[in-house]
Amino acid sequence: MVCALGSAFCFGAASVFQALGARAAEPGSGGGVDVTLMWRALRQWRYVAGLGLDGLGFVLQIVALRTLPIYAVGASLAASLAVTAVIASRMLKVRLRRVEWAAVAVVCLGLAMLALASGREGHEGGGAGLEWGLLAAAFAVLLVGAAAGHLPERPRALTLGLAGGFGFGVVEVAVRLIDSVDLADPALYALLVGGGAAFLLYTSALHRGSVTTATAGLVLGETIGPAIVGVVWLGDRTREGLAWLALLGFAIAVAGSLTLARFGEAPAPEPAQAAE
């Protein structure tokens, strides 16, 4: 659980830096899968710093996924928004309201409940069908992202967020399925395509539209789907008699994170920042 929480801290801090970097970058093509925007964002030091924190968080996430059920890791990652909120209150001078401080406490309560109820990860492989289905889902994320670029602002932000969340969810499941580097393993390509698509779509979401809405979609996409796959196909279980506590803790942690979704969005950069 320590690695899962460490991963959440890294991802939460990265969100602040990436939001600032993405907002300071000039617009790219304007589509949902916007490679040009990603390239411009990489020229912003804040975005690069955020990527570094994401890399460290991903390593910790892999360790956590090899020892904990996916539902516990997913809820911990959603809780990264609590970290983002606290850091945003310092770095970005964003004032937390009482309801948001309460949401931070609720997230912590939900994670504590999950820690008490979680068993060890399941050891079922899911079969080749799950691996190929995961790869198909990764490409579907790209297609949905491309289509989202033509939607009006509000549904576009939600669609990009959900698609990006599903992309990160593909990564979570793929990590569990990969035992070694095998170039013939569909799960390996699902991880690469899903992770790349998720970064592209979330960068687009941070740059345009309501990022608050997009972040809420991201949380839902990266938690609920992978948790279901872990329980149904991979054999994730709770401690004996504590399934109710795990379910309640999961719901509380995700609900608290959704309350903090506005902290996926950084304020618009000052002119001086945009020129950096």
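Predicted model: local features only at pLDDT ≥ 70, side-chain atom pairs only at ≥ 80, totals over all residues.
Select Leu220, Ile224, Ile228, Val231, Val232 and Trp233: together they make a nonpolar surface patch of about 510 Å².

Now pick out valine 232 from that patch. Valine 232 sits in helix H10, which covers residues 211–232. Is valine 232 buried or exposed? Its relative accessibility is 52%, and exposed means over 50%, so valine 232 counts as exposed.

Next, go to helix H4, residues 70–78. How many residues of helix H4 are buried? The count is 9 of the 9, so helix H4 is largely enclosed by the rest of the structure. Select them to see the run: Ile70, Tyr71, Ala72, Val73, Gly74, Ala75, Ser76, Leu77 and Ala78.

Keep Tyr71 on screen. In the largest nonpolar core, which has 27 residues, Tyr71, Phe250, Leu260 and Phe263 touch the most other members. Which elements give two or more residues to this core? They are H4, helix H5 (80–91), helix H6 (98–117), H10 and helix H11 (243–259). Colour H6 separately: H6 gives the most to this core, with 7 residues.

Zoom in on phenylalanine 250. Set aside its neighbours within four places in sequence, and phenylalanine 250 is in contact with Tyr71, Ala75, Leu114, Thr223, Ile224 and Ala227.

In soluble globular proteins, nonpolar side chains tend to be buried together.

Technical notes: Residues numbered from 1 in each chain as written. Heavy atoms only, no water. Patch = residues over 30% accessible without salt bridge, like charges linked within 9 Å, V, L, I, M, F, W, Y side chains within 5 Å. Areas by Shrake-Rupley, 256 points an atom, 1.4 Å probe, with all protein chains shown as cover. Salt bridge = Lys/Arg side-chain N within 4 Å of Asp/Glu carboxyl O. Helix = DSSP H or I, 4+ residues; strand = E, 2+ residues; numbered from the N terminus. Buried < 20%, exposed > 50% of the residue type's maximum accessible area, 1.4 Å probe, protein only. Core = buried A, V, L, I, M, F, W, Y, C linked by side-chain atoms within 4.5 Å. Contact = heavy atoms within 4.5 Å.
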